[in-house]
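Please look over the sequence and the structure before reading on.

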Amino acid sequence: KLKVKIGNKCRVLGYLVCKSAGEIKAGDYTVIQDVVSIRCLDSITIGSFTGIAEGTLITDNNTHPVNIEEWIKHRIRVAPGGPGYPGLGNGWELSESAPVIIGDGVWIGGNCTILKGVTIGDGAIVARASVVTRDVEPFTIVAGNPAKKVKELSRPSESISQIAERIMREKSV
């Protein structure tokens with residue numbers, strides 16, 4: 001089973017980490033810029049025609065346990081001279097996780113954070129330095145920490161894939 005699946009005509013300059021049970025998928029014509037960090041324990045899906053700007057973090061997990069006893073055990077394991085963890089060795093498997101889904105035609109500005117369990121709808125825009133902790137409706141702009149809806153965008157009469165097919169057919173790029 002492939003752990004990372006990248007669509008056609010994509011540019012990936014970021015850093016992707018995918019644990020053994022995880023899967024990262026990116027659709028066609030997607031760009032993942034410099035210093036983007038995608039950290040996957042279970043599932044992160046990025047649609048087609050999506051752009052993720054520099055410095056953004058996308059994670060489907062907490063990266064550490066939140067129970068105090070488990071947290072202390074974790075700190076002991078990863079301390080200098082501690083026993084560590086096998087494999088990729090950071091203990092993410094002890095943390096809570098939930099899939100992240102980023103739709104088609106999404107624009108994520110620089111230095112954003114997208115947290116576990118979030119779905120970002122088609123055509124949405126996440127403003128620079130936003131922290132997304134909840135789902136984002138399609139064709140909306142969110143901003144801030146935590147990210148909140150600041151504007152609704154007009155919805156096209158065609159789907160994103162229909163728009164893309166028309167543009168390619170007409171060669172109007």
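## A nonpolar surface patch

A patch is built from residues with over 30% relative accessible area and no salt bridge, where like charges are joined within 9 Å and nonpolar side chains (Val, Leu, Ile, Met, Phe, Trp, Tyr) within 5 Å. Accessible areas come from the Shrake-Rupley method with a 1.4 Å probe, and for residues only the protein chains shown count as cover. A salt bridge is a side-chain nitrogen of Lys or Arg within 4 Å of a carboxyl oxygen of Asp or Glu. On the surface of this protein, Val4, Ile6 and Val12 make up such a nonpolar patch, and together they have about 200 Å² of accessible area.

Val4 belongs to strand β1 (residues 4-6). Helices (H or I, at least four residues) and strands (E, at least two) are DSSP runs, numbered from the N terminus. Val4 counts as partly exposed because its relative accessibility is 34%; buried means under 20% relative accessible area, exposed over 50%, and partly exposed in between (1.4 Å probe, protein chains only).

## Basis of the model

The model is predicted: local features need pLDDT of at least 70, side-chain atom pairs count only at pLDDT 80 or more, and totals for chains, interfaces and linings use all residues. Residues are numbered from 1 along each chain as its sequence is written, and side-chain values use heavy atoms, with hydrogens and water left out.

## Overall features

The protein contains 2 helices and 17 strands. Its C-alpha atoms fill a box of roughly 60 × 35 × 25 Å, taken along the principal axes. Of its 173 residues, 34% count as buried. The protein exposes about 9600 Å², of which carbon and sulfur atoms supply 54%.

## Salt bridges

The structure holds 10 salt bridges. In one of them, the side chains of Lys19 and Glu93 meet at 3.3 Å, N to O. This pair links distant parts of the chain, 74 residues apart: Lys19 is in the loop between β3 (15-18) and β4 (23-26), and Glu93 is in the loop between α1 (68-78) and β10 (100-102). Lys19 is buried because its relative accessible area is 3%.

Arg128 and Glu54 form another salt bridge, with the closest N and O atoms 2.7 Å apart. This pair also links distant parts of the chain, with Arg128 in the loop between β14 (125-126) and β15 (131-132) and Glu54 in the loop between β8 (51-52) and β9 (57-59). Arg128 counts as exposed, at 51% relative accessibility, while Glu54 is partly exposed, at 32%.

## Backbone features

Most residues other than glycine have a negative phi, and most peptide bonds are trans. The peptide bond from Asn145 to Pro146 is cis, with omega near 0 degrees. Asn145 is in the loop between β16 (140-143) and β17 (148-152), and this residue is exposed, with a relative accessible area of 62%. The C-alpha atoms of Asn145 and Val131 are separated by 4.9 Å, although the two residues are 14 residues apart along the chain.

Val35, which is not a glycine, has a positive phi of about 60 degrees. Val35 is in the loop between β5 (31-32) and β6 (37-40) and is exposed, with a relative accessible area of 65%. Asn111 has a positive phi near 60 degrees; Asn111 is in the loop between β11 (107-108) and β12 (113-114) and is partly exposed, at 42% relative accessible area.
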